[in-house]
Amino acid sequence: VSIPLLEILLVYIFWLIRYRGKNSPEEREEFSEKFVTSCIIIVFSSLPKIQQSTLKMFECKNLATNENPMLFLKNDYDIRCWQRDHLIWVCLLGIPSILVWLIGAPIYLFFKLRSLYKENKLEDPHSLKRFGFLYYGYDINDYYWEFVIFWRKLLLVLSIIAEIHPAVKALTIFLILLLSYLLHISIIPFNSEVLNTLEKYSLISSATVIYAYIYYSNGNTTWLFFVGPIIFLSFLFFVISWGRIYITVMFNKVKTGLQPHLNKILKKDGEPADDNKPEAIEDAPNSKSDEPSKEHELVSIPKKEDQGAQDA
C-alpha cells in the first residue's frame, strides 16, 4: 500500500519542481494533466504487485490434520491465521488495501472512462493525455478491456491461493482461461490483429498447460510421460508464434523506414546527366527567336488586306 503512495508523492514533487514559477492557466493545466497521467500509470502498474502482496495476507496452510486443522500464514509460519497478530495485520492493511486498490481504484477508473465514452470524449486530446494509458491499443468501443484483464488476473490469483484440492484448483483455473478465450474471440478487443493473435495464442497455451496438469494432479506419476511433452509443445507453440509475428512486424517496420531512402536513391538514378542540361539551355533562345517572326507575319497580313480595300 505504501509503495504507490510514496511513488505518487515523489512524482508530485518532481512535477512541482519542473513547473516552479509557471503560473499561467495553460501551464497549470499541463501540470495537472501530467501529474494525473503519472498517477494513473503508477497505480495501474502497481496493482499486480499490490494484488499479490495483499492476498498473501490471507494465504494460510494447514500444518495439522483435517480433523483438527491449525492454519499458519504461508509467508511466516510463526503467525497463526485468524489469531490476534494476524487479525491486526488483516484489519490494518489487508482489508483497506482490498477496498482501496483492488476494488475502489479499478471501479473509479472504469466509470471515469465510461463517462468519457458516453460523452464521445475518449479520442479527445485532453482525455488521451490523462487516461489514454488505460485504453490505448483497444478498439474505442472496448475501452474497458484493461479492467477485464485485471479481474481475470485477480480471479486466477484467488484460485491459486485458495485452500482447495489441487485438481479442483486446476479445473477452476482452466475454466477461467477457457471463458477468457471465448470472450476474447467473440469481442476481439485490440485494434491490432497482431495483438489479438498473440493474446489468443497466450490463452490457448496457458489453458493447455493447466489441462495437462489436471491429469498429473491425481498423483499418478505415469501421466508425467504424457504431460511433460504436452506442456513443452504448448510452450514451444507460443514461443514460435510470438517469434514469427515479432519478426514479421519488425521486418515491416524496417521496410517502411527504408522505403523513403530507397525512393530517393531510385529517383537520383533516373535523373538525366548534367551534360545534357547546357544543350537545353542553348536551344531555348532559338525556339523563342522564332516566335517574333511569326507574330510579325500575323501582324503584317491584316495590313495587306487593308491596303487592298483602299485600292478597291
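Tryptophan 82 lies in the loop between strand S3 (76-80) and helix H3. Helices (H or I, at least four residues) and strands (E, at least two) are DSSP runs, numbered from the N terminus. The model is predicted: local features need pLDDT of at least 70, side-chain atom pairs count only at pLDDT 80 or more, and totals for chains, interfaces and linings use all residues. Residues are numbered from 1 along each chain as its sequence is written, and side-chain values use heavy atoms, with hydrogens and water left out. Phi of tryptophan 82 is near 65°, a positive value in a residue other than glycine. At 41% relative accessibility, tryptophan 82 counts as partly exposed. The classes are buried (under 20% relative accessible area), exposed (over 50%) and partly exposed (in between), with a 1.4 Å probe and protein chains only.

Asparagine 120 also has a positive phi, near 60°, and is not a glycine. Asparagine 120 sits in the loop between H3 and H4. With a relative accessible area of 69%, asparagine 120 is exposed.

The chain contains nine helices and three strands. From the N terminus, the order of elements is α-α-β-β-β-α-α-α-α-α-α-α. Of its 312 residues, 27% count as buried. The chain exposes about 21,600 Å², and carbon and sulfur atoms supply 64% of that area. Accessible areas come from the Shrake-Rupley method with a 1.4 Å probe; for residues, only the protein chains shown count as cover. Among contacts with a separation of 6 or more, 57% join residues 24 or more positions apart. Contact means heavy atoms within 4.5 Å.

Two packed helices are described by the angle between their axes and the distance between the axes. Axes are lines fitted to C-alpha atoms, for helices over the stretch in contact, and angles run from 0 to 180 degrees between N-to-C directions. The axes of H3 (residues 84-118) and H5 (residues 145-161) come within 11 Å and cross at roughly 160°. H3 is therefore roughly antiparallel to H5. Angles under 35 degrees count as roughly parallel, over 145 as roughly antiparallel, 65 to 115 as roughly perpendicular and the rest as oblique. H3 passes H5 in a left-handed crossing. A crossing is left-handed if the near helix is turned anticlockwise from the far one by less than a right angle, and right-handed if clockwise. Leu102, Pro106, Leu109, Phe110 and Leu113 of H3 make the contact with Phe147, Phe150, Trp151 and Leu154 of H5. By class, these residues are nine nonpolar, no polar and no charged. Ala, Val, Leu, Ile, Met, Phe, Trp, Tyr, Cys and Pro count as nonpolar, Asp, Glu, Lys and Arg as charged, and the others, Gly among them, as polar.

The axes of H6 (residues 166-187) and H7 (residues 193-216) come within 9 Å and cross at roughly 160°. This makes H6 roughly antiparallel to H7. The crossing of H6 past H7 is left-handed. Residues in the contact include Phe174, Leu177 and Tyr181 of H6 and Leu203, Ala207 and Ile210 of H7. The contact of H6 with H7 has 15 nonpolar, four polar and two charged residues.

Serine 127 is placed in helix H4 (residues 125-135). Serine 127 is buried, at a relative accessible area of 5%. Beyond neighbours within four places in sequence, serine 127 contacts Leu116, Lys121, Leu122, Gly132 and Tyr135.

Serine 159 is in helix H5. Serine 159 is buried, with a relative accessible area of 8%. Leaving aside neighbours within four places in sequence, its contacts are Lys169, Thr172, Ile173 and Ile176. Serine 159 and alanine 170 are eleven residues apart in sequence and 8.4 Å apart in space, C-alpha to C-alpha.
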